[in-house]
Amino acid sequence: MDEDSRPLLGSVRAGEYYTDSLDPKQRRPFHVEPRNIVGDEVPERVSAEAAVLSSRVHYYGRLTASSDRLLVPPDHVIPSLEDIYIYSPLGTAFKVQGGDSAAKNPSIVTIFAIWNTMMGTSILSMPWGIKQAGFTLGIIIIILMGLLTLYCCYRVLKSTKSIPYVDTSDWEFPDVCKYYFGGFGKWSSLVFSLVSLIGAMVVYWVLMSNFLFNTGKFIYNYVHNVSTSEAFGTNGTDRVICPYPNVNPDGNGLTLQYYASDNSTEQMFDRWWSKTNTIPFYLIVLLLPLLNFRSASFFARFTFLGTLSVVYLIFLVTYKAIRLGFHLEFHWFDSSTFFVPEFRSLFVQLSGVLTLAFFIHNCIITLMKNNRHQENNVRDLSLAYLLVGLTYLYVGVLIFAAFPSPPLTKECIEPNFLDNFPSSDVLVFVARTCLLFQMTTVYPLLGYLVRVQLMGQIFGNHYPGFLQVFILNIFLVGAGVVMARFYPNIGSIIRYSGAICGLALVFVLPSLIHMISLNRRGELRWPSALFHGFLILLGVANLFGQFFM
């Protein structure tokens, strides 16, 4: 009896095929004869084709033990989903409903997952970007950049499908780059991906310094009953300020408030609670230990705060726009005292910000793998980009239009539009506090992604040792501290990092891979080559324009 139940081939390890993976292709389906089949609607019957395939599967199972992967049944031997049943000890077989798709997301969840992933710090710079480009041209650029980045993201999503005779089901975009360009392609995609992540970490450090400063300022003023501060702005309950005014404050309803306090307590507070001199260094005590955690699973539990923060920002923008009203005048090419032209030569700064604002190309393949209906991937991706674009337009247009001009000039709009509201504003204080907490939990996640990508490629281990990880974290924290101390302009940081990473991952690599794929199949035509060549030149121009505009 023992010999009869023993497999014909002994258990032998087969390299990478000896695995405990839960991949459904590596699980043996169970087949029963078409009797006592229980379904949701009508009695199900097992097809003759499935019965033949099931016999083959049992044949493979008889050759080796069930835990051995030496002879894994090929894909064509596995019955289709509708022909797989689960056997019950009561002699009844229940049809498998949904298989792996039951654990996947419906389209609406996928769409909002993409929206939540793309919604980052760029949303705070949208009004500034529209100001740099001009109101009319800014709206046009947001729409055009959304369409261009959507198409390039579509090309990234389809890149794995264009590779013949290779199983690319578990590939990411760096693997596609390696297939077409060798080691150079994989490392270049990795480097530019790291640029986007490190750029985001630097922006986070600058913003956290800003939010922590204003939060502390609000608490100090409230405790000590300080109702005014140095500010150049409008009067009234919904004050709007110009932190760095370049105009003569003689307009109606405009006040310049400056209080040189002799209070030693206030002077001491201002000395030790400085936005650029001290706060960036205080954050080291909090965030550097968090970066050294071996796992980032704890911080991943707070990712929902990003959605809540964006929803609150939308509410805040709507409320402020209603309270302030719209202040618009159209000067197409000539500037005026309080308004900017509708078309400005600084538009390339907005395109740099938008390249990072619409950037999701390095993880779109992973996000779309979890979509329940793969045939709807293109539709869901397009809807997600539409939702992101509308959100950016809503925030950017409303803040720009509601900015009170006169008495303030539109040039006063800051790269972080929250800086245009005083620290005493309660609603803005809530927004800053929520964003501060949310960024404190997301920052270690970004550091973890940098560590996984970099250490995994260099050492083959995500956590090679405390010393290596600590040195990397010192570099990441140092970059944030230096920028927050000497160049705390998030608009410029976003546009530079966006243009650099976008050059490769948005414009060049997806276009080159698509053209090479078409050429290998003999399907490359001059209109396609001309269009994708234009995309590459556009990415190059977008990068160089950041340094000359």
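Helices (H or I, at least four residues) and strands (E, at least two) are taken here as DSSP runs, numbered from the N terminus. On this basis, the secondary structure of the protein comprises 17 helices and five strands. The structure is a predicted model, in which local features need pLDDT of at least 70 and side-chain atom pairs count only at pLDDT 80 or more, while totals for chains, interfaces and linings use all residues. Residues are numbered from 1 along each chain as its sequence is written, and side-chain values use heavy atoms, with hydrogens and water left out.

A residue is called buried under 20% relative accessible area, exposed over 50%, and partly exposed in between (1.4 Å probe, protein chains only). Of the 549 residues in the protein, 48% are buried. Contact denotes heavy atoms within 4.5 Å. Among contacts between residues at least 6 apart in sequence, 79% join residues at least 24 apart.

Helix H4 (residues 126–133) is largely enclosed by the rest of the structure, because eight of its eight residues are buried. These buried residues are Met126, Pro127, Trp128, Gly129, Ile130, Lys131, Gln132 and Ala133. Their cover includes H5, helix H11 (347–357), helix H13 (377–402) and H16. After H4 comes Gly134, which has a positive phi near 100°.

The packing of helix pairs was described by axes, which are lines fitted to C-alpha atoms, for helices over the stretch in contact; angles run from 0 to 180 degrees between N-to-C directions. Helix H6 (residues 173–223) packs with helix H16 (residues 490–520) at an angle of about 165°, and their axes are 9 Å apart. Angles under 35 degrees count as roughly parallel, over 145 as roughly antiparallel, 65 to 115 as roughly perpendicular and the rest as oblique. H6 and H16 are therefore roughly antiparallel to each other. A crossing is left-handed if the near helix is turned anticlockwise from the far one by less than a right angle, and right-handed if clockwise. The crossing of H6 and H16 is left-handed. The residues of this contact comprise 24 nonpolar, seven polar and one charged. In this division, Ala, Val, Leu, Ile, Met, Phe, Trp, Tyr, Cys and Pro count as nonpolar, Asp, Glu, Lys and Arg as charged, and the others, Gly among them, as polar.

Helix H5 (residues 135–159) also packs with H17; the two axes come within 12 Å and cross at roughly 115°. This crossing, too, is left-handed. On the H5 side, Leu148, Tyr151, Cys152 and Arg155 meet Phe531, His532, Leu535 and Leu538 of H17. Six nonpolar residues, one polar and one charged make up the contact of H5 with H17. Val540 likewise lies in helix H17 (residues 526–548). With a relative accessible area of 31%, Val540 is partly exposed. The C-alpha atoms of Val540 and Ile500 are 9.1 Å apart in space, although the two residues are 40 apart in sequence.

Asn221 belongs to helix H6 and is buried, with a relative accessible area of 9%. When neighbours within four places in sequence are left aside, Asn221 is in contact with Val226 and Ser423. Thr278 lies in the loop between helix H7 (264–272) and helix H8 (279–291). Its relative accessible area of 10% makes Thr278 buried. A polar atom of the Thr278 side chain is 3.1 Å from the backbone oxygen of Trp272. Such a polar contact is a pair of N or O atoms within 3.5 Å; within protein, one must be able to donate a hydrogen and the other to accept it, and residues adjacent in sequence count only if both atoms are side-chain atoms. Not counting residues up to four places away in sequence, Thr278 touches Arg271, Trp272 and Trp273.

Most residues other than glycine have a negative phi, and most peptide bonds are trans. Tyr165, in the loop between H5 and H6, has a positive phi near 65°. Tyr165 counts as exposed, at 86% relative accessibility. A cis peptide bond joins Ser405 to Pro406, with omega about -15°. The peptide bond from Pro406 to Pro407 is also cis, with omega near 15°. Pro406 lies in the loop between H13 and helix H14 (426–458), and Pro407 is found in the loop between H13 and H14.
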